[in-house]
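Morning, everyone. Please have a look at the chain on the screen.

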Amino acid sequence: MRHAMIMTTTMITKPSLGLCALIASLAVGCGGGSHADTTPAPADNAAHEQSEQIPPEKMDEINRDLDRKQQIMSHCLAIAIDNKELPKSSRGKVTVDLTIGTSGKPESVKIVSATLESKTLAECVTHHVQEIQFPELPKPLETSYTYGFETM
């Protein structure tokens with residue numbers, strides 16, 4: 001089995017002295033007088049929504065919880081093959097849409113896309129996603145996740 005590795009490099013360069021001088025002259029040329037603040041104040045709802053955003057670490061945890069189910073999802077494929085719903089050389093993807101409640105429990109789980117047509121596989125995947133206990137959230141989260149399947 002071959003593995004591909006992707007490497008990215010970020011280069012940070014120092015700005016030239018001329019560029020710094022240009023920026024400084026533009027800043028001075030804009031005047032130093034005080035101006036009224038023209039930025040609109042956020043509505044109460046907007047400020048409230050911002051404070052209830054899903055933190056990135058919670059999103060990472062949700063993705064890890066879904067990733068951890070990959071092995072058991074492979075068993076779902078094996079069951080579908082044993083039931084003769086799919087051929088032994090099956091490979092494909094199943095995408096699940098789910099809504100996670102504030103308690104961390106999935107409120108709705110449904111298959112929205114599948115390249116493998118199997119009632120057993122769809123029911124098994126849905127069942128196992130419904131059993132995941134996600135972290136508590138400040139507000140419900142609608143998300144989707146795609147599982148890949150391949151027989152060995």
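Strand β1 and strand β2, residues 106-114, are joined by seven bridges, and the two run antiparallel. Keep in mind that this is a predicted model. The hairpin of β1 and β2 has five residues between the strands. Gly-104 in that hairpin takes a positive phi near 95 degrees.

Now the other partner. β1 also pairs with strand β3, residues 141-150, through 10 bridges. That pairing is antiparallel too.

For the chain, buried residues make up 26% of the 152 residues.

Next, the overall layout. There are five helices and three strands. Along the sequence the pattern reads α-α-α-α-β-β-α-β. Take contacts between residues at least 6 apart in sequence: 77% of them join residues at least 24 apart. The accessible surface is about 11500 Å², and 55% of that belongs to carbon and sulfur atoms.

Last stop, Thr-120. This residue is in helix α5, residues 119-130. Is Thr-120 buried or exposed? Its relative accessibility is 16%, and the cut-off for buried is under 20%, so Thr-120 counts as buried. What does its side chain meet? A polar contact of 3.4 Å links the side chains of Thr-120 and Asn-83. Beyond its neighbours within four places in sequence, Thr-120 touches Ile-79, Ala-80, Asn-83 and Glu-85.

That's my tour. Thank you.

Technical notes: Residues numbered from 1 in each chain as written. Predicted model: local features only at pLDDT ≥ 70, side-chain atom pairs only at ≥ 80, totals over all residues. Heavy atoms only, no water. Helix = DSSP H or I, 4+ residues; strand = E, 2+ residues; numbered from the N terminus. Buried < 20%, exposed > 50% of the residue type's maximum accessible area, 1.4 Å probe, protein only. Polar contact = N/O pair within 3.5 Å; in protein donor to acceptor, adjacent residues only side chain to side chain. Contact = heavy atoms within 4.5 Å. Areas by Shrake-Rupley, 256 points an atom, 1.4 Å probe, with all protein chains shown as cover. Pairing = 2+ DSSP bridges.
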